[in-house]
Amino acid sequence: MVKPDHVFDRDAEWADLTAFASRGGEGATLGIVSGRRRHGKSYLLQALATVSGGVYFAATRDTEAVSLRAFADALAEHTGRPVGTPFRDWSDAVSRLFEQVRDRPVPVVIDDFPFLMRSTPSLPSILARELGPGGRGRGSTARLLLCGSALPVMRGLLGGRSPLHGRAGLEIAIRPLGYRDAARFWGIGDPKLAAMTHAIVGGTPAYGRQFTDCAAPASLADFDAWVVRTVLSPAGALFREARHLLAEETTVRNPAVYHSALAAVAEGHETVKEIAEYVGRRPSEMGHPLGVLVDCALLAREPDALRTGRPTYRIAEPLVAFYEAVMRRDWVRLEAGGGDRLWPELRPTFESRVMEPHFEGLCHRFALEHGGAIFGELPRTVGRAVVNDGERRERIQVDVVVMGRWGPNERARILSLGQARWGQEMDDSDVTRLGRARDLLAARGFDVEGCVLACYSGTGFAEPLRARAAAERIELIDLQRLYTG
Ligand SMILES: Nc1ncnc2c1ncn2[C@@H]1O[C@H](COP(=O)(O)OP(=O)(O)OP(=O)(O)O)[C@@H](O)[C@H]1O
Ligand SMILES: [Mg+2]
């Protein structure tokens with residue numbers, strides 16, 4: 001089964017899906033596809049169903065009766081004949097589906113499955129029964145694929161307490177495109193422009209295709225105008241998108257706490273203590289809301305790379321980070337169409353609150369995915385860390401800590417310590433600080449032999465630093481390397 005040309009990237013996912021969908025053998029099987037809103041789940045599964053002549057059914061927020069009729073139509077379209085007597089209930093629908101799909105393996109996609117579960121909470125039990133021994137699935141060749149974006153619900157489907165636990169033969173997550181793929185998808189060759197665009201629309205393919213008013217910025221010089229005519233334009237679809245995402249995800253009792261926690265992170269408060277202080281709650285009260293935000297992938301919790309128990313948080317979806325940091329406070333003025341006047345005022349906030357942390361995130365991806373050649377071995381984890389300098393009463397923030405592998409009785413191996421700066425030229429003092437951190441960590445028992453000091457910059461490197469890098473083993477990583485190195 002050849003992937004259609006209109007589907008960009010997703011080769012690994014396509015290979016998994018087609019292998020699952022065409023796997024021989026009797027007995028219906030189950031797969032789960034999940035991923036955040038607009039990342040391209042339906043697009044991919046529709047392509048799969050079309051190429052393989054399978055069934056594609058997208059659930060809606062409807063009653064059970066309406067959903068059952070729509071499902072009957074989808075099945076009839078596949079078999080080419082009406083289903084006969086209407087489905088009584090989902091039990092009836094599932095067993096008749098399995099009876100009709102018997103001659104060859106075909107994918108049966110039930111998209112937006114969480115909608116069905118809302119009107120029919122027993123659906124996972126019904127599926128478990130029909131897929132289990134003695135169920136109608138035994139003689140069927142259906143390759144059932146349940147898909148949805150409500151991550152906690154989708155995760156729960158396979159969790160220990162779910163009737164479907166242990167039943168899935170395939171579980172895939174559709175993630176946003178990687179930063180380099182996103183640049184290709186948008187057709188942006190200039191790495192600086194690619195990084196800036198990625199800081200707003202991330203790797204979400206929908207923002208480049210479905211939101212058709214959102215063609216890529218033509219050049220660096222066009223970037224400001226592009227921001228104004230797309231994400232800051234109240235008539236454009238992208239303008240309200242972050243709010244839609246938030247409204248959908250925070251199906252929670254006290255949205256105020258959740259929104260304020262996101263605002264706190266967007267403003268640079270990263271630890272539980274700092275977030276709690278900003279929100280006006282005790283740190284112990286923030287555990288639950290932060291956990292919910294992490295579960296639905298609005299926030300990412302990142303452990304300190306060098307010690308346990310001091311995680312920091314960042315906003316996982318670029319568009320939401322942009323909204324929280326740049327748009328939220330000026331929403332009323334932006335909604336009145338003041339984007340072009342406001343943007344020059346907002347741009348410094350974009351640089352400091354959006355680009356700086358976003359750039360650090362890009363450096364992490366780079367180090368993890370392409371660092372093997374630079375650091376001498378494949379990195380195991382990449383993160384940030386704070387190193388306390390007791391003697392000088394300082395805390396050294398190390399932005400890019402690359403860890404290697406080590407055995408049970410060996411010291412933890414640090415492959416690289418790096419500093420990331422988007423908007424400011426880097427100089428010698430950055431390397432001096434990193435060197436100090438390396439010495440402190442060596443004294444603390446880390447293996448820093450071969451630890452490479454690295455400077456990642458979105459702006460450039462001062463001459464003395466260049467000279468020093470030529471003499472010592474210091475890596476200077478600019479945007480060109482980040483995108484093509
Ligand atoms: N691989 C891709 N290649 C090209 N365009 C894509 C790709 N994936 C997604 N798109 C574009 O993004 C749009 C949104 O994708 P899709 O509807 O599949 O998202 P989704 O993950 O199903 O979102 P939701 O959870 O909101 O249903 C598609 O209509 C298409 O325009
Ligand atoms: Mg969808």
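Reader: Which residues come nearest to ligand 1?

Author: A residue is near a molecule if one of its heavy atoms lies within 4 Å of it. Ligand 1 has 18 residues around it, and those that come nearest are Arg 37, Arg 38, Lys 41, Ser 42 and Tyr 43. This is a predicted model, in which local features need pLDDT of at least 70, side-chain atom pairs count only at pLDDT 80 or more, and totals for chains, interfaces and linings use all residues. Residues are numbered from 1 along each chain as its sequence is written, chains are lettered from A and ligands numbered from 1 in the order in which they are written, and side-chain values use heavy atoms, with hydrogens and water left out.

Reader: At what angle do helix 1 and helix 2 pack?

Author: Helices are DSSP runs (H or I, at least four residues), numbered from the N terminus. Axes are lines fitted to C-alpha atoms over the stretch in contact, and angles run from 0 to 180 degrees between N-to-C directions. Helix 1 (residues 11-22) and helix 2 (residues 41-52) pack at about 40°, with axes 11 Å apart.

Reader: Why are they called oblique?

Author: Angles under 35 degrees count as roughly parallel, over 145 as roughly antiparallel, 65 to 115 as roughly perpendicular and the rest as oblique. Helix 1 and helix 2 are therefore oblique to each other.

Reader: Which residues of helix 1 and helix 2 meet?

Author: Contact means heavy atoms within 4.5 Å. Glu 13, Trp 14, Leu 17, Thr 18 and Ala 21 in helix 1 meet Leu 44, Leu 45, Ala 47, Leu 48 and Val 51 in helix 2.

Reader: How do helix 14 and helix 15 pack?

Author: Helix 14 (residues 272-279) and helix 15 (residues 283-295) have axes 9 Å apart, at an angle of about 100°. These two helices are therefore roughly perpendicular. Helix 14 contributes Val 272, Lys 273, Ile 275, Ala 276 and Val 279 to the contact, and helix 15 contributes Pro 283, Met 286 and Leu 290.
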